[in-house]
Amino acid sequence: MVHLFNAGPAKLPEEVLKQVQSEMMDFQGTGISILEISHRSPEFTAMLNETSALLRVLLEIPENYKVLWLAGGASGLFSSLPLNLLKSENDVMDYIVTGTWSKGAAKEAEKYGKVNYVVPVPSDFTEIPEHEKMNFTPGARYVYYCDNETVNGVEFPQVVNTEATIVCDMSSNFLSRTVDVSKYGAIYGGVQKNLAPAGLAVLIIREDLVSGERIHQVPKIWDFKLQVGGNSCVNTPNVFAIYVTNLVLKHNIKKGGLKHIEDLAAKKSSMLYNIIDDSNGFYACKITKDARSRMNVTFNLATKELEAEFVKKAADLNIVGVKGHRSVGGIRASVYNAVTMESVQVLANFMTSFMKDHQ
């Protein structure tokens, strides 16, 4: 058995994978594979509508929000959000930069309008800035932040306190805890962490943000007005990823919904953080405790050589995907929703034995 801790694309529920396998040659009795079926077919349209409805149930999405399934992943939305949301040349976008992905989003937004960095961009991403230190722009078009930084292992413990419209990238902690959608103008994310294979993004957006004039011309596949009117089918959508998303959403509801997932996420991440904190410095987590990610547990060992040995010996035990991101190094264990408690326990046991062997 492989214990997979990839940061994305990531582990999917075994139950879902088995269902995908069993249905691969015949989707809903059509005699056609899901990989072949038309996105204009009544079978796919029904499944697409059901997928959006399932997400609405799981997240309790209010009626005045639209759900879109878009190409380009979260990185595509770095551009399409300012393109769709800016109404005036004088608009300012507030960005809270707490890691690699929010930094990239802010740089992309600068191409289309004025960006205010709410706090100075730090050289090392280890914390969530205190609210008192955030310099918001009065009347900002929106405030953006990345709820969970996959690379750095930094996560906002709660929604940012602001009266402005919030745009939030939840790619790597989407559906890992309960969320009050009404506090956000838009929530988006790539699905390849907690929902489906790569190549699809989900956008939940308040209706008023889709209407009205815009200062930019928007490519039609990222035009939110067109995609709302076309039920996410202005271009050919990622049929297979939407299908897997449908199955994962049903799986999540069957297992007890977001409260169950949230409780499990806390237990899994705490198991690893407890070992780190009790290691007397053998393992070191740079992230402040109030900002530690429940999805991406990042830490370092004393030397790069020791980290390389850790990764190698972990692989010998079928523990896969724990090497840190190439930009920061170290170790990273991504304990997304589908990663079982059993796999986390195997990793925890290995961390304990590796430490004993090297002290």
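Pro-9 sits in the loop that runs between strand S1 (3-4) and helix H1 (14-23), where helices (H or I, at least four residues) and strands (E, at least two) are DSSP runs numbered from the N terminus. The peptide bond leading from Gly-8 into Pro-9 is cis, its omega being near -5°. This is a predicted model, with local features needing pLDDT of at least 70 and side-chain atom pairs counting only at pLDDT 80 or more, while totals for chains, interfaces and linings use all residues. Residues are numbered from 1 along each chain as its sequence is written, and side-chain values use heavy atoms, with hydrogens and water left out.

H1 and helix H7 (residues 239-254) have axes that come within 10 Å and cross at roughly 135°; axes here are lines fitted to C-alpha atoms, for helices over the stretch in contact, and angles run from 0 to 180 degrees between N-to-C directions. H1 and H7 are therefore oblique to each other, given that angles under 35 degrees count as roughly parallel, over 145 as roughly antiparallel, 65 to 115 as roughly perpendicular and the rest as oblique. On the H1 side, the contact (heavy atoms within 4.5 Å) is made by Glu-15, Val-16, Gln-19, Val-20 and Glu-23, and on the H7 side by Phe-240, Tyr-243, Val-244, Leu-247, Val-248, His-251 and Lys-254. Sorted by class, that makes seven nonpolar, two polar and three charged residues, with Ala, Val, Leu, Ile, Met, Phe, Trp, Tyr, Cys and Pro taken as nonpolar, Asp, Glu, Lys and Arg as charged, and the others, Gly among them, as polar.

Helix H3 (residues 73-85) packs with helix H4 (residues 100-109) at an angle of about 40°, their axes lying 9 Å apart. H3 and H4 are therefore oblique to each other too, and their crossing is right-handed. H3 brings Ser-75, Phe-78, Ser-79 and Pro-82 to the contact, and H4 brings Trp-101, Gly-104, Ala-105, Glu-108 and Ala-109. Five of these residues are nonpolar, three polar and one charged.

Helix H8 (residues 257-277) and helix H10 (residues 341-357) cross at roughly 5°, with axes that come within 10 Å, which means H8 is roughly parallel to H10. From H8, the contact takes in Leu-264, Lys-267, Lys-268, Met-271, Leu-272, Ile-275 and Ile-276; from H10, Met-341, Val-344, Gln-345, Leu-347, Ala-348, Met-351 and Thr-352. The class count for H8 with H10 is ten nonpolar, two polar and two charged.

A cavity is a set of points, on a 1 Å grid over the protein atoms alone, where a 1.4 Å probe fits but cannot get out, and lining residues have an atom within 4 Å of a point. Grid points are joined across faces, edges and corners, and a volume is the space filled by probe spheres set on the points. The largest cavity comes to about 40 Å³, and its lining consists of Leu-59, Asp-147, Met-170, Asn-173, Phe-174, Leu-175, Ser-176, Arg-177 and Val-179. That lining has five nonpolar, two polar and two charged residues. Leu-175 has a positive phi of about 65° despite not being a glycine, and is found in the loop between strand S8 (166-169) and strand S9 (186-190). The second largest cavity holds about 30 Å³ of space and is lined by Leu-85, Lys-87, Arg-141, Tyr-142, Thr-165 and Leu-209.

Terms used
A crossing is left-handed if the near helix is turned anticlockwise from the far one by less than a right angle, and right-handed if clockwise. On a 1 Å grid over the protein atoms alone, a cavity is a set of points where a 1.4 Å probe fits but cannot get out, and a pocket is an open set with protein on both sides within 12 Å along at least five of seven lines; lining residues have an atom within 4 Å of a point.
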